[in-house]
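Student: I would like to learn how to read aromatic pairs and a chain interface from a set of coordinates. Where do we begin?

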Amino acid sequence: MSSKPTGVFPANPVTTRGLSVKLSAVKDKVIYTNGKTVIIRNLNNPLLSTTYSEHVHNATVARISPSGYYCASADTNGTVRVWDTVGEDQTLKGEYKVISGRINDLAWDGESKRIIAVGDGREKFGHAFMMETGSSTGEISGHSKAINAVSIRHQRPFRAATAADDSTIVFHQGVPFKYDKTIKTHTKFVQDVQYAPSGDHFVSVGSDAKIFLYDGKTGDTVSEFTANPHTGSIMASSWCPDSASFVTSSADCTVTLWDVQNQKPVSTWKLGSGVDNQQVGNAWSGNRDIVSLSMSGDLNIFDPRVGDKPARIISAPQKAITAMAPVDDKTFLGGTADGRVYSFTTSLAPQKAVSTTTLNDESRHIAGAGHSNFVSGLASNTRDHNIYSIGYDDRVREIDAGSGSDAPSFTSASASTASQPKSVAVTGDGTVLVLEINSIEAFRSNQRVFEQTPKFVQSAIAASNSVVAIGGEDQKVRINDWDGKSLREVAVLEGNKGIISALAFSPDGKLLASGDSSGRVALFDVKEKLLITSRWSFHSARINSLSWTSDSLHCASASLDTHVYIWSVAKPTKNIVIKKAAPGGANSVLWLDSGSPAKLATAGADGCVRLWEVKFHA
Amino acid sequence: MASGVGVNDMCLNEYQALKLKKAHKYIIFSLNKELTEIVVEKTSSSQSYDDFIADLPETECRWAVYDFEFEKEEGGKRNKIIFVSWSPDGAKIKQKMLFASSKDALRRALVGVAVEIQGTDYSEVAYESVLDKASRGH
């Protein structure tokens, strides 16, 4: 009868080459953005994270007020939204259009009343305003290029420092904020500037790999940190809550912890090499966790007391999740639009409000030779539990599900397809059927065993033992028989009103659900080859995915209209709706457990996987 | 454009029975075989809204009158008579044309209809969307 959210596997921050990413942290939570979504990630238990998807344009930075009650998030259009973080419904406090371009950074004052937002505007690069009303509290001026970062001294007298692409830092007095002086220490882009929590100092870092320390009240340069191990652009810095040390992250793949008193590096961590390991953002969570962001999206967590490598690494999708497939009753895989595949593990235990340090629920990047481009489908082999993935790099790859403590990984074997693969299915005898733009190919042990070029344009495929359903752009579903050597067409089913976009057989093989581009789901009897009902037509856009419960009584459909509907075979007029199950469009839906209450996972364009508990109609 | 289709007297009698005597919960109207007259196809006193939805065929047009009972948010029961023009996407175009042009003949004969609903798929005649329309305003 109803559904309720039980948790979310959040996406990781989106990264762009050469751009510093602004992370921030409050206690054990890290706040960042991915696409239009603002994510408040709980470092200890990802399922307790929250997401905010009300931005119309891509969000760029989000920071929680010192009071902890509000979050300010900004987007590429120059809009700042201030919203409530305490209540469930994330009430909007105010929406302010502050500059006419991308906002790169924003900062709260110590009283949680004022905000300065900076970026790349047309007539000005920054704006200082009251959080409640949006009225101006000064002027941010003195820069000739886009401003990259801003920081406000949290004690009175208020000061603000802004760092820009014109290689200068401007020191403002406040309030109201007004220009005081320009600091010309750096020789290249200044990437970040941060005030110490005590207000005594602030630090600036830049693309010239230099670090400078300034007096917090006057803005005078105290010194340059010359014992500097960084050789590349320093992208971010953040302070320890006790103001005695700070950390810098650099594009030369290193993270360095500095002692302010004697101006020496305490420790330096090296994270491999190559573009993927460039460090582009950081934040200091609690008293001891340092979070540094890799270009690949991985959040590396360092403990200052521990030596040469991250204490742990949080990996999660950066791009839209395009397909999901189950591994066992606790683990499932998700393929993304950038070709990576992740495994998600959930203990399915009821979530407690108190966070624990047990890491039962996590997402992990699947190692091995993966896809280099868009993963267009995943399918499980019911016999050996291996999973087959297809991608726009025109290859079929095999993922070993692993056993026990072994994590799933790509096997080295792969086969190339004749044209771009669209959909994949595995038959009962373990043959992998790949539906491509021009043909259908069958693979067994990475060898092509069959190829067929149909007369119609095909769009989706599903298989149950030897029965194979192929959907076409002609709004028809063709039932085929697979005898181990070839496909033979046995029936044509009609009942859809658009291009067939998703097909799923019920686990008992008796029923077939077919979703189309008009949002209709048709239910067919496979044996009688008859349309049972087309009443499942509540979606208003393309059906992207269908999933059956293990008892074959309920079917869930995920659609581009962002909603998920759960249909009942016994009562076709009844349905359960999960509105906005995946902001931006739901790409995939998967039942994890059909017990009572049943558990459902949905994923979509925002790269997050959301978990739900569903109670069926009595 | 009117199609020239007439309304059978039974339609009005059954409607009066629904409206005044509360003898029925809903009435389904259709055209007769010769497509010359609107006739009563079914009357029912089932209290289940799902039964009503189940009586709307997947690929054929119908009209229906339903005695819709609901509770206001601030309490208090209301009854409203709703008129449904059921014209599903899957129906034949000719039938949809004929039903659309004949609707007025029936609709004008029925006095006291509070809400009119145009349904082309099941989401538009679902209980929630009808309730939303019925509870708007009054």
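Predicted model: local features only at pLDDT ≥ 70, side-chain atom pairs only at ≥ 80, totals over all residues.

Student: Where in chain A do A:F450 and A:W482 sit?

Tutor: A:F450 belongs to strand β40 (residues 447–452) and A:W482 to strand β43 (residues 476–482), so the pair links distant parts of the chain, 32 residues apart.

Student: What arrangement do B:W63 and B:F99 show?

Tutor: Their rings are stacked, with centres 4.3 Å apart and 25° between the planes. This pair, too, links distant parts of its chain: B:W63 is in strand β4 (residues 62–71) and B:F99 in helix α3 (residues 93–109), 36 residues apart. Since buried means under 20% relative accessible area, B:W63 qualifies at 1%, and B:F99 does at 6%.

Student: Which residues of chain B form one aromatic cluster?

Tutor: The cluster consists of B:Y26, B:Y49, B:F52, B:Y66, B:F68, B:F70 and B:Y127.

Student: Which charged residues lie over the face of a ring?

Tutor: Two cases will do. A:R478 lies over the face of A:F456, at 3.7 Å from the ring centre. A:K181 is placed over the face of A:F171, at 6.0 Å from the ring centre.

Student: Now the interface. How is its size given?

Tutor: Often as the accessible area lost when the parts come together. Between chain A and chain B the buried area is about 890 Å², and carbon and sulfur atoms give 45% of that. Eleven residues of chain A are in contact with eleven residues of chain B.

Student: Which three residues supply 57% of the area that chain A buries against chain B?

Tutor: A:R535, A:F538 and A:T573, more than any other three residues.

Student: How many salt bridges and polar contacts are there between the two chains?

Tutor: The count is three salt bridges, and seven residue pairs are in polar contact, both residues at pLDDT 80 or more. In one salt bridge the side chains of A:R535 and B:E58 meet, at 3.7 Å from N to O.

How values were computed
Residues numbered from 1 in each chain as written. Chains lettered and ligands numbered in written order. Heavy atoms only, no water. Helix = DSSP H or I, 4+ residues; strand = E, 2+ residues; numbered from the N terminus. Phe/Tyr/Trp six-rings, centres within 6.5 Å; stacked < 30°, edge-to-face > 60°. Buried < 20%, exposed > 50% of the residue type's maximum accessible area, 1.4 Å probe, protein only. Lys NZ or Arg CZ within 6 Å of the ring centre and 35° of its normal. Contact = heavy atoms within 4.5 Å. Buried area = accessible area lost by both parts, 1.4 Å probe. Salt bridge = Lys/Arg side-chain N within 4 Å of Asp/Glu carboxyl O. Polar contact = N/O pair within 3.5 Å; in protein donor to acceptor, adjacent residues only side chain to side chain.
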